[in-house]
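Visitor: Could you take me through how the helices pack here, and explain the terms as you use them?

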Amino acid sequence: MANGEVKRSETAPSYWLVLLSLISAAIGYITSITVAQILGADGFEHYAVAIASLAILSTIAEAGTGKFALKAWPEYITTGQLGLASGFVRFALTAVVVISLVILLVAATGESVEGNQFGDHAFGIAVCFLPGVALAGAGIDFVMASRRAIMGSFISRLFIPLLTFVTILFCAQLFSSFDSSWAAACFGMSSCIGASIAIVVFLRTSGQKLRSVTPAYQVRHWTWECTKYLSLAMLVTLTFRISLLVLEVLPVSEIEVSLFAAATETGCLILLLSKSTDKYYQPYISVMLMQQSWDEAVTMRRQRYKKIGIACLLFLGIVVFFGRRILGLYGEEFKDGYLALCFVAFGASTWTVFSLAPAYLKFVAKDQFVFLTNVFGAFAMATLTFTLGMHWGATGAAFAFCVVLCAVSLANLFVATKHFAGIRQTIE
């Protein structure tokens with residue numbers, strides 16, 4: 001492959017990833033609206049908080065294995081270290097299952113101590129599906145790491161959201177007692193099925209390469225690396241999810257929590273674009289750094305900025321001109337969250353455009369800087385949400401969300417750009 005040129009076969013799938021992200025955004029949004037219409041503002045609040053809590057716990061349960069696989073797996077396969085590849089798969093599967101079960105046991109014990117029936121609450125039901133949700137996240141990352149980007153995105157961005165939507169509709173029609181716990185169960189069950197499919201796809205894609213080799217293990221090294229990726233993933237998850245949880249415990253009305261939940265559901269739809277395309281680009285970044293293919297990296301970065309930037313501008317235009325009407329689909333009372341939606345959308349779009357910068361920094365051993373920026377982000381998000389949310393409810397929390405995401409994104413971009421320019425100049 002000539003310098004400065006990225007093969008069409010390598011860039012074409014990114015268009016499909018964008019399309020899948022848009023379809024997923026539509027399905028996810030329709031699902032959110034449907035749940036709000038069925039459950040009302042109070043029920044939607046319980047559902048949103050349960051799913052946000054499950055996202056945080058599943059990030060812990062994934063143990064950073066999938067995120068580290070996006071870097072390690074391409075290296076193992078490219079350099080022919082199949083024994084380590086085989087051993088890492090076993091290590092990752094064991095870690096995810098064990099940690100998930102431990103968290104589930106702790107949650108069940110906590111419910112018992114409080115004297116509550118475990119199945120009576122949306123959060124309790126959601127946690128029951130934690131192993132499946134964690135396996136889905138890690139399994140899809142492994143599929144992405146094996147350069148099956150379209151298949152991985154199909155499972156995570158289309159199959160799981162669509163199955164969740166269909167299951168919610170079916171259960172809502174079938175059971176008159178349908179509530180937030182049922183909705184959480186539909187989400188969890190769909191994730192479990194998605195996890196099974198992801199594991200089967202990965203084993204069929206990469207299993208043949210590993211069956212004839214003896215697994216080799218670097219448990220200490222993997223544990224350390226996965227812990228670093230887990231810490232970073234946890235901080236990012238907290239940055240995006242902690243606002244809703246903080247607002248939930250503040251002395252504000254339940255409608256303010258629901259308004260913010262609806263605003264983040266809508267404004268953060270654009271994040272699906274970065275989540276899916278980044279997992280396509282990250283394995284190639286790993287290989288390009290190893291092969292010092294700087295011109296290819298620059299070309300790919302420009303193409304990504306062009307596609308992602310246009311998509312974000314279109315998204316922001318839709319939010320500004322039609323945001324109030326869109327929120328009205330949740331219910332008339334949700335229209336008051338328009339300003340909060342604008343703040344959230346701008347912050348999420350900024351993060352999306354520059355989302356590849358922290359991944360690059362992690363690949364070039366700048367983990368400490370990424371860690372510090374994310375610590376700042378999580379702490380600042382909680383603090384500002386507490387302060388502004390106390391006085392201005394959903395709008396204050398959304399403004400804090402926007403400010404923190406923009407600050408963290410631009411800091412990562414500045415350091416990544418400076419580092420890349422430095423190593424390129426030094427080597428050339």
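What follows is a conversation about helix pairs and the words used for them.

Guide: This is a predicted model, in which local features need pLDDT of at least 70 and side-chain atom pairs count only at pLDDT 80 or more, while totals for chains, interfaces and linings use all residues. Residues are numbered from 1 along each chain as its sequence is written, and side-chain values use heavy atoms, with hydrogens and water left out.

Visitor: What makes α5 roughly antiparallel to α6?

Guide: The axes of α5 (residues 130-145) and α6 (residues 149-174) cross at roughly 150 degrees and come within 7 Å. Angles run from 0 to 180 degrees between N-to-C directions, and those over 145 count as roughly antiparallel, under 35 as roughly parallel, 65 to 115 as roughly perpendicular and the rest as oblique; α5 is therefore called roughly antiparallel to α6.

Visitor: Which residues of α5 and α6 meet?

Guide: With contact meaning heavy atoms within 4.5 Å, Ala-136, Ile-140, Val-143 and Met-144 in α5 meet residues of α6 including Gly-152, Ile-155 and Ile-160. The residues of this contact of α5 with α6 divide into 8 nonpolar, 3 polar and no charged, where Ala, Val, Leu, Ile, Met, Phe, Trp, Tyr, Cys and Pro count as nonpolar, Asp, Glu, Lys and Arg as charged, and the others, Gly among them, as polar.

Visitor: Where does α6 bend?

Guide: α6 bends by about 30 degrees at Ile-155, the bend being the angle between axes fitted to the seven residues ending there and the seven starting there. α6 has 26 residues and reaches 36 Å from its first C-alpha to its last, close to the 38 Å expected, a span defined as 1.5 Å times one less than the number of residues.

Visitor: Why is α2 called oblique to α8?

Guide: α2 (residues 65-78) and α8 (residues 219-249) pack at an angle of about 130 degrees, with their axes 8 Å apart, and this makes α2 oblique to α8. The residues of the contact of α2 with α8 divide into 6 nonpolar, 2 polar and 3 charged, among them Lys-67 and Lys-71 in α2 and Glu-225 in α8.

Terms used:
Helices (H or I, at least four residues) and strands (E, at least two) are DSSP runs, numbered from the N terminus.
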